[in-house]
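Welcome! Take a moment to look over the sequence and the 3D structure below, and then we can walk through them together.

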Amino acid sequence: MPTPSFTSTHVRHSTRKSTGKSTGKSTDKVSGKISGKGRTPARRAVAPLAATAAALLLCGPLAAAPAHAADQPGGSSDAVKPPAHMSTVGGKRLGRPDTQVDPKPGAPALPKGLSGKSWLVADAESGDVLASHNAHWQLPPASTLKMLFADTLLPKMPKTKTHKVQLSDLDGMGEGSSLVGVKENYTYSVHDLWLGVFLRSGNDAVHVLAAMNGGVPATVREMQAHAKYLNARDTHVVTPDGYDEKGQVSSAYDLTLFARSGLQKADFREYCSTATAQFPGVFEKDKKGKKTRSSFGIQNTNRLLTGLGVEPYKGIAGVKNGNTTNAGATFTGVAQRGDRVLLVTVMNPQEQQPNEVYKETAKLFDWGFEASGSVNPVGTLVRPGAAGANHPSAGGEDGHKHAQASVSTDNGSSGGMWTAVGITGGSLALLGAVAFGVHRRWPLPELVRRRSRD
């Protein structure tokens with residue numbers, strides 16, 4: 001595959017419709033997008049950066065971007081301390097402020113130097129929450145909210161469906177939005193657009209998909225309804241792309257629910273674990289005068305997957321990162337080691353070091369894999385629907401009651417296969433797969449089969 005290149009674009013402030021809510025602050029600075037105020041209106045998408053610049057990006061940490069509020073973790077709109085009382089969905093201990101962990105004798109200590117305002121470590125299969133810190137603190141989610149967007153819309157559109165982009169499709173994007181480079185009057189497949197959403201966190205791709213879904217307001221309503229179905233009660237959706245808006249919040253607990261639900265979908269697993277891809281560009285004439293459509297390389301902004309600026313995490317398989325002025329850096333990841341598959345979410349590390357959200361996520365993954373079996377769960381990831389809402393631990397009962405049932409092996413049961421993708425020496429290696437059956441006690445491991453693949 002050709003060396004991936006990076007698009008660089010900046011959306012003028014007027015592209016966000018005047019609602020009185022827009023912060024006008026840039027999003028997903030962690031993606032390495034270079035911004036410059038007033039440079040490029042939404043009407044025009046810019047070409048990718050020169051290959052030499054992309055190569056420099058791939059060889060080391062990103063060059064410093066122009067001074068911008070979003071370069072610093074956190075934002076003045078966030079409360080300094082978590083509320084004394086938060087939601088108890090998933091267990092009473094999850095509603096308490098500060099760190100919650102219940103180690104057995106000989107259990108490893110939690111990593112030192114964790115500065116995230118909120119974080120959570122959970123077993124992706126059983127739903128056991130192994131440890132948490134302010135799990136239900138409602139904070140700005142940044143582009144991790146795109147996990148809910150994808151989980152809501154992916155089943156509605158076949159990936160082969162195409163759409164010719166109209167200028168109106170790109171209305172409402174906030175200033176400084178990270179873009180993949182969608183151009184009006186060009187046709188894209190749904191598959192192309194989802195690659196733009198997951199790999200480049202492209203708000204332009206999000207808005208086009210939302211337009212195809214009946215518009216941003218309809219999409220926001222559907223996302224909110226889906227969050228309610230997943231029992232993600234900390235989440236309030238204002239925009240489909242996660243851009244900073246007044247009242248838009250989620251939590252480490254809810255983001256982990258979104259990731260777990262999304263990972264039940266094959267397309268979601270495919271996109272979130274893709275490191276590099278080609279994105280459609282413009283039509284160009286060859287030497288014979290024939291017009292052909294060019295393409296350019298894009299790379300996933302999840303640095304634990306790509307190893308851009310940090311060590312790639314062995315066994316990582318996604319899921320989504322984000323960064324805005326108010327949210328700081330946010331990240332939810334899934335990784336596999338041996339027979340364990342863990343989900344980790346970290347929101348807004350206060351340590352102001354490059355790639356801190358990835359470093360703290362990696363520490364929590366390491367701890368979680370070592371601690372599995374040597375800690376008592378402090379809560380659970382509840383199931384979707386009324387059954388999940390009525391789960392004993394969803395009502396805040398002290399202590400964890402894990403509602404594990406004997407699992408059906410009926411071949412006719414619904415379910416899906418999702419893969420854990422690891423990185424070794426920069427190359428992707430498929431480590432294994434877990435099939436989940438979707439039953440009343442959703443999602444439970446129906447069958448676990450590990451096998452090495454090249």
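## A first stop: Thr152

In which helix is the place of Thr152? Thr152 sits in helix α2, which covers residues 146-153. Helices here are DSSP runs of H or I with at least four residues, strands are runs of E with at least two, and both are numbered from the N terminus.

Thr152 has a relative accessibility of 10% and therefore counts as buried. The cut-offs are these: buried means under 20% relative accessible area, exposed means over 50%, and partly exposed lies in between, using a 1.4 Å probe and protein chains only. Setting aside neighbours within four places in sequence, Thr152 is in contact (heavy atoms within 4.5 Å) with Glu222, Met223 and His226.

## What kind of model this is

This is a predicted model, in which local features need pLDDT of at least 70, side-chain atom pairs count only at pLDDT 80 or more, and totals for chains, interfaces and linings use all residues. Residues are numbered from 1 along each chain as its sequence is written, and side-chain values use heavy atoms, with hydrogens and water left out.

The predictor's confidence in each residue is called pLDDT and runs from 0 to 100. The chain averages a pLDDT of 77, and 69% of the residues score at least 70. Over residues 1-78 the pLDDT is below 50, and this stretch has 191 contacts in the model beyond near neighbours in sequence. Residues 394-454 also have pLDDT under 50, with 144 contacts beyond four places in sequence.

## The chain as a whole

The chain has 10 helices and 15 strands. Of its 454 residues, 57% are buried. Among contacts with a separation of 6 or more, 70% are between residues 24 or more positions apart.

## Two helix pairs

Two packed helices are described by the angle between their axes and the distance between the axes. Axes are lines fitted to C-alpha atoms, for helices over the stretch in contact, and angles run from 0 to 180 degrees between N-to-C directions.

Helix α3 (residues 190-200) and helix α4 (residues 203-212) have axes that come within 8 Å and cross at roughly 140 degrees. That angle makes α3 oblique to α4; angles under 35 degrees count as roughly parallel, over 145 as roughly antiparallel, 65 to 115 as roughly perpendicular and the rest as oblique. Among the residues that meet are Leu193 and Trp194 in α3, with Val208 and Leu209 in α4.

Back at α2, its axis and that of helix α6 (residues 252-262) come within 9 Å and cross at roughly 35 degrees. Here Met147, Leu148 and Asp151 in α2 meet α6 residues including Leu255 and Phe258.

How far apart are the end C-alpha atoms of helix α9? They are 22 Å apart, which agrees with the 22 Å that its 16 residues (356-371) should span at 1.5 Å a residue. The expected span is 1.5 Å times one less than the number of residues.

Because 12 of the 16 residues of α9 are buried, this helix is largely enclosed by the rest of the structure. Tyr358, Phe365 and Trp367 are among the buried ones. Just after α9, Gly373 takes a positive phi of about 90 degrees.

## A last stop: Gly385

Gly385 lies in helix α10 (residues 385-389) and is buried, with a relative accessible area of 16%. Beyond its neighbours within four places in sequence, Gly385 is in contact with Tyr229 and Asn231. Gly385 and His226 are 159 residues apart in sequence, while their C-alpha atoms are 9.6 Å apart in space.
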